[in-house]
Amino acid sequence: MDIKALVIAQKDYFLEGNTRNLNQRINSLRKLRELLKKNEKKLFEAIYADFGKSEYETYETELSLIYHEINKAIKKIPVWARTKRIKTNLPNLPAKSYIIAEPLGTALIIGAWNYPYQLSLIPLISAIAAGCTAIVKPSELSAHSSRTMAEIINSNFDSRYISVLQGGVQETGELLEQHFDKIFFTGSIPVGKIVYEAAAKHLTPVTLELGGKSPVFVLNDCNIKITAKRIIWGKFLNAGQTCVAPDYLLVDSKIIDKLLAEMERLISELFPNTKDVEENYVRIINEKHFNRLADLIEPEKIYCGGHLNKEKLFISPTIFTNVDFDSKIMADEIFGPLLPVIAFDDLQTAIFKVKSRPKPLALYVFGKNSKNIDLILKEISFGGGAVNDTVMHLSNGALPFGGVGSSGTGNYHEHAGFKAFSHYKSILHKRPMLEPFLKYRPYTTLKLNILKRLLE
Ligand code: NAD
């Protein structure tokens, strides 16, 4: 089936009302869960073939989140889809007011490669829960994972309902020409702009889950050991190829030496510079990205790490010092295992520096003084984040996840995901009685005075 025909078939399937029934949605999610469980081995093998991601990390950062979203949606669909009663204002009485959640229609979901399963399937789970039909276009860079998802889903679901379409720029371009009722995109800022522009032609609502440079503030009253551990984990997970990975550190100069020493110690403990790490650490996705990252490395700024193996697309966890906001590593999102550390003496100046750059997807603060923590959280606009941790806010599905400004538009996970694929229809439901004379001509001064008393 060609792309245009597939979109038309999905629209017809939706318009025929096949996705309206809540039990149908719940059963589809149960079926998806069962299929994923049954094919876990294949999913593990595929992602390993793509970029050497281990079974443990794949379960921890992909499948467990997907299962959680499915389980939550199965339990909550009846609540999320329920018509919600709202208070009616005085001039409209007697009447009731309510909001009906309705599925937006046929959705296009475009995924990124770095968490190929969850970035394609969690939006799909939300689309199914909301009652949409959906075409999923995972990334061509994680080709094995994308093929495996396509095999599992396409051979078990009606393509008029949900379908995985593999392809790169050309296929995505063709998809974007079609008139969808919702586009959910995860990926880079430049491609986000292409998607937004294409959506505008049809006035299609979008969710854009983009990237950016996510800072970490380390204040002088932090617990150095815990801080170092949580930064190292969040930064070097998936070889730094995580949208919410700490991109750079802003560290109070009073504690920078202690923090650097502890991070170096941890790196050598967790990633001993042996052949084993080279064999088993997550790879950089391809040569293009390897070269991009290698180009960011200024050898004189390396504090620790800096080991590269092009043949294996391996870059060891690397920390840089003597970096400032004008260094080339500070220009764009790093998206790799390179961590620049900048010292600050004055917190307000550091806050202003971050504030005057594009709004980050995530921001982290380590410290104890609640005044300083609040100052950072309230002064800087960013998608979401954590205090005294990194990345883990994403694992709390009850927290809507998304960016702001250049790091994204809209959010998802659990109920927020359901909302992203729904329209909320507001209804004023009146009874055929008691019509106020005030509404009607002639408009007298007396009526105007009564109106003023009633409506203000
Ligand atoms: P990307 O923008 O290169 O690709 C994303 C998707 O867009 C892929 O499916 C790809 O096939 C498609 N695409 C690429 N070029 C296109 C074009 N010219 N026209 C139409 N479609 C095109 O992003 P990526 O390299 O897969 O992912 C890395 C980026 O995604 C990083 O910036 C990262 O921060 C961001 N990201 C964001 C989140 C989030 O949840 N906010 C999650 C993961 C990744």
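Proline 94 is found in the loop between strand 1 (84-86) and strand 2 (95-103), where strands (E, at least two residues) and helices (H or I, at least four) are DSSP runs numbered from the N terminus. A cis peptide bond with omega of about 0° joins leucine 93 to this proline 94. The structure is a predicted model, in which local features need pLDDT of at least 70, side-chain atom pairs count only at pLDDT 80 or more, and totals for chains, interfaces and linings use all residues. Residues are numbered from 1 along each chain as its sequence is written, and side-chain values use heavy atoms, with hydrogens and water left out.

Another cis peptide bond, with omega near 0°, runs from arginine 441 to proline 442; proline 442 sits in the loop between strand 18 (422-430) and helix 16 (445-455). In the loop between helix 9 (224-236) and strand 9 (248-252) lies asparagine 238, whose phi is positive, near 60°. For context, most residues other than glycine have a negative phi, and most peptide bonds are trans.

Turning to the ligand, domain 1 (3-210 + 407-425) and domain 2 (215-402) both give residues to the shell around it, so the ligand lies between them; the domain bounds come from an automatic or database domain assignment. Helix 7 (169-177), strand 6 (182-186) and helix 8 (189-201) each supply at least two residues of this shell. As for individual atoms, a ligand oxygen is 2.7 Å from a side-chain N or O atom of lysine 137, and an oxygen of the ligand is 2.5 Å from a side-chain N or O atom of glutamate 333.

Terms used. Polar contact = N/O pair within 3.5 Å; in protein donor to acceptor, adjacent residues only side chain to side chain.
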